[in-house]
Amino acid sequence: MRSLARLIWNEYLKMIYRTSTLVMCGGLMALILFSFALDRWYNPFYTGYWQAVASQSWLSFFIMVMAVILAGRIIADEFQWGTIKFLLIRPAGRSRILFVKYGAVLCFCFFLLMVLFLCSMILNWIFQPQGVADPSLPSKEENGNGSAVGMVLKLYALRMVEIAVYAGISFMISALFKSVALATGLTFFFMLFGPETANQLGTSGFGSYFLFHHTGLSQYAQWNVTESVFSLAESLGVVLIHLAIFYGIAWIRFTKQDVF
Amino acid sequence: MEAGLHFRNVSKRIRSKPLVENVSFSVYPGEVFGLLGPNGAGKTTLIRLAVGLITMSQGEIIIDGHSLRESFSQAIQRVGAIVETPAFYDFLTGYQNLVHYANLSDRVERERIDELVERLNMGNYIYSKVGTYSLGMKQRLGIAQAMLHRPSVLILDEPTNGLDPLGIKELRETIRQLAERENVAVLVSSHLLAEMEMMCDRVGIINKGRMVSIRKLADGDVQNRWFEVDKADQAYTVIRTKYPHAVLAVTEKTLKVQADPQMTALINEALVQAGIAVYGITAESRSLEDLFMEDTENEISGQINLE
Ligand SMILES: Nc1ncnc2c1ncn2[C@@H]1O[C@H](COP(=O)(O)OP(=O)(O)OP(=O)(O)O)[C@@H](O)[C@H]1O
Ligand SMILES: [Mg+2]
């Protein structure tokens with residue numbers, strides 16, 4: 001356990017001491033604040049505090065972009081720099097290194113998501129301090145029972161899964177081809193055209209298992225329930241199976257290859 | 001337990017192209033073993049195999065009694081290594097790089113890092129970013145990295161590459177010290193013959209992926225000596241009764257004998273007592289370079305003959 005923590009710390013050391021990571025984090029914060037200000041300016045009258053917090057969770061998209069970049073770099077860079085040679089000749093072993101690398105990206109993004117969540121809570125509280133105490137959902141009859149807080153938490157949890165999926169794709173490509181450009185480029189391509197392809201494909205037969213039918217998970221935690229083809233459990237199932245496959249491919253490649 | 005590093009009939013092929021063929025050798029604790037061979041001979045390939053960066057197609061590698069293939073963690077735990085040029089994180093300082101590598105091993109204290117920084121004279125620049133280092137500075141950092149966890153097997157690929165004369169001398173002393181005082185088994189590779197002569201106890205000569213020969217480097221010890229006598233055939237019988245395998249060649253008036261100085265004196269005494277006149281004893285002085293050329297050429301002509 002202690003050794004695992006030290007390995008994760010190593011990954012942070014390598015992430016946070018890079019100027020580009022710091023610039024990305026700074027840019028991310030600036031973007032979030034900017035979007036937030038814009039949002040408040042044009043939509044000053046939310047129905048409630050928690051709804052405002054929920055609707056701002058879309059800003060996690062920027063964290064997702066950063067996750068794709070971090071995940072795309074974390075393996076490819078080591079090969080690019082040649083540091084992989086030192087990394088793989090220590091007792092930690094390849095499987096554990098791989099696990100730690102994906103884990104480190106997810107933990108880092110989770111941290112950023114928490115920062116976003118807290119910022120959103122605090123800033124909204126400044127605008128409407130009275131709304132915090134009202135835990136009720138604006139349209140109770142549609143959502144059945146459940147509190148607004150629960151809804152927001154669920155929404156953020158699903159955002160985290162979305163991030164994990166795209167990070168997973170980028171991570172797999174990074175492990176496969178050891179190229180940052182290819183990993184991030186391809187993942188952004190999938191991000192753009194995946195959902196569109198899903199629409200074209202339709203939801204009949206095997207098409208219903210197509211990953212990009214299920215990546216828009218935030219639809220399952222909406223204020224106003226919309227009809228969806230799949231249930232949350234189905235979508236989560238498909239997503240998790242895909243993630244497991246991506247990770248498996250990355251694992252086979254990373255642990256079996258000869259490193260020259 | 002079999003301490004040290006042992007290669008047993010190791011082969012590595014890539015798409016049926018052999019990089020290394022049927023190589024066997026051992027590096028024992030307290031010994032410095034040199035891998036010597038021209039560019040492309042397969043030295044780095046052997047080292048990559050020894051640290052598990054590439055998998056062997058055949059054979060076995062044993063490190064301190066653990067099979068590298070079957071129990072990688074236990075085997076590799078005992079090894080410190082540099083493979084080709086050491087690579088670091090340019091945006092971290094030398095010290096941060098060492099902390100990073102220390103975290104990859106169990107039980108490396110900060111004091112150990114400080115100790116190595118002092119021992120390798122890196123105090124002046126250890127807190128600067130590695131991006132600003134020269135090749136020699138990186139090489140030192142690489143050696144520190146390899147020694148962090150007090151390995152019992154140390155593997156260094158062309159360790160003097162990029163070091164200045166003082167650095168080379170210090171490295172040589174460090175390596176000898178590790179072998180002699182701390183009983184480390186050291187494997188170094190180089191194509192610099194003079195370097196190897198000064199630093200190694202034994203060398204394995206590699207050519208075209210094969211171990212051509214393994215030589216013990218005579219530190220005035222066992223050497224071929226020519227005895228010039230009046231009756232060579234008689235002398236041969238005398239020596240053979242004492243040392244059955246020492247005589248390598250006999251001509252009419254000379255004998256070629258493999259012997260250390262002590263043995264040489266005893267043989268001389270025995271010959272004189274047997275009434276044989278000894279006109280002279282000459283030690284064959286052949287540099288490693290001669291051996292190297294001889295062995296690699298034999299190998300090449302041997303291959304030509306086969307075809
Ligand atoms: N990835 C690879 N695929 C195929 N062949 C390779 C690969 N890497 C190395 N080789 C071949 O293996 C042989 C041995 O290479 P190696 O790097 O072990 O030589 P070396 O003895 O370390 O040489 P040098 O003194 O130049 O460092 C060379 O003929 C080389 O062409
Ligand atoms: Mg080499």
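Reader: Which element gives the most to the shell around ligand 1?
Author: Helices (H or I, at least four residues) and strands (E, at least two) are DSSP runs, numbered from the N terminus. Here α1(B) gives the most, with three residues. In chain B, β2 (17-27) and α1 (43-50) each supply at least two. One caution: this is a predicted model, where local features need pLDDT of at least 70, side-chain atom pairs count only at pLDDT 80 or more, and totals for chains, interfaces and linings use all residues. Residues are numbered from 1 along each chain as written, chains are lettered from A and ligands numbered from 1 in written order, and side-chain values use heavy atoms, leaving out hydrogens and water.

Reader: Which residues come nearest to ligand 1?
Author: "Near" means a heavy atom within 4 Å. Of the 14 residues around ligand 1, the nearest are B:Gly40, B:Gly42, B:Lys43, B:Thr44 and B:Thr45. The site is shared between chains, because residues from chains A and B surround ligand 1.

Reader: Is A:Leu118 buried, partly exposed or exposed?
Author: Buried means under 20% relative accessible area, exposed over 50%, and partly exposed in between (1.4 Å probe, protein chains only). A:Leu118 is partly exposed, at 48%, and sits in helix α6 (residues 94-127) of chain A.
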